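I opened the notebook to record what I looked up in this structure.

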Amino acid sequence: MSRSRYNVVAEHVLQLLEPINDTLKVKPRENISSRELQLFWRYHGHYANDFAKAVMQALPDGYEFISYDHLNNKLEAKKS
């Protein structure tokens with residue numbers, strides 16, 4: 001039996017992430033608290049795989065995730 005694992009970090013990053021549009025910019029929402037902003041960057045730096053998973057889930061329709069370079073905050077995706 002395989003079970004899907006709920007990813008708390010990825011789910012929280014999705015809530016803190018500015019919606020990604022065709023410019024493919026990854027940034028926090030402007031209306032979050034300073035504590036949430038600290039958490040956003042902590043997730044970014046300490047939980048890179050979970051952060052990338054959230055970025056992948058936040059891609060607009062019609063885009064295919066290729067990679068996310070958390071050191072340079074660079075998202076690579078292609079239109080499908």
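**Fold and overall dimensions**

I read the order of elements from the N terminus as α-α-α-β-β. That comes to three helices and two strands for the chain. I note at the outset that this is a predicted model.

Next I looked up the radius of gyration, which is 13 Å for the chain. The globule rule gives 12 Å for 80 residues, and the value is close to that, so I put the chain down as being as compact as a globular protein of that length. I also took the box along the principal axes: the C-alpha atoms fill roughly 40 × 35 × 20 Å.

**Burial, contacts and surface**

I checked what share of the chain is buried, and found that buried residues make up 31% of the 80 residues. For contacts I considered pairs of residues at least 6 apart in sequence; of these, 44% join residues at least 24 apart.

I then turned to charge. I have 11 positive and 10 negative side chains in the chain. The centres of the two sets lie 4 Å apart.

**Aromatic pairs**

How many aromatic pairs does a search of the whole structure find? I recorded four.

I looked at Tyr-43 and Tyr-47 next. Their rings form an edge-to-face aromatic pair, with 6.2 Å from centre to centre and 65° between the planes. Tyr-43 is buried, with a relative accessible area of 12%. Tyr-47 is partly exposed, with a relative accessible area of 36%.

Which residues do ring pairs link into a cluster? I listed Phe-40, Trp-41, Phe-51 and Tyr-68.

Notes
Residues are numbered from 1 along each chain as its sequence is written. This is a predicted model: local features need pLDDT of at least 70, side-chain atom pairs count only at pLDDT 80 or more; totals for chains, interfaces and linings use all residues. Side-chain values use heavy atoms; hydrogens and water are left out. Rings of Phe, Tyr and Trp (its six-membered ring) pair if their centres lie within 6.5 Å; planes under 30 degrees apart count as stacked, over 60 as edge-to-face and the rest as tilted. Buried means under 20% relative accessible area, exposed over 50%, partly exposed in between (1.4 Å probe, protein chains only). Helices (H or I, at least four residues) and strands (E, at least two) are DSSP runs, numbered from the N terminus. The radius of gyration is taken over C-alpha atoms; the globule rule is 2.2 Å times the number of residues to the power 0.38. Contact means heavy atoms within 4.5 Å. Lys and Arg count as positive and Asp and Glu as negative; His and the chain ends are not counted. The place of a charge is taken as NZ of Lys, CZ of Arg, CG of Asp or CD of Glu.
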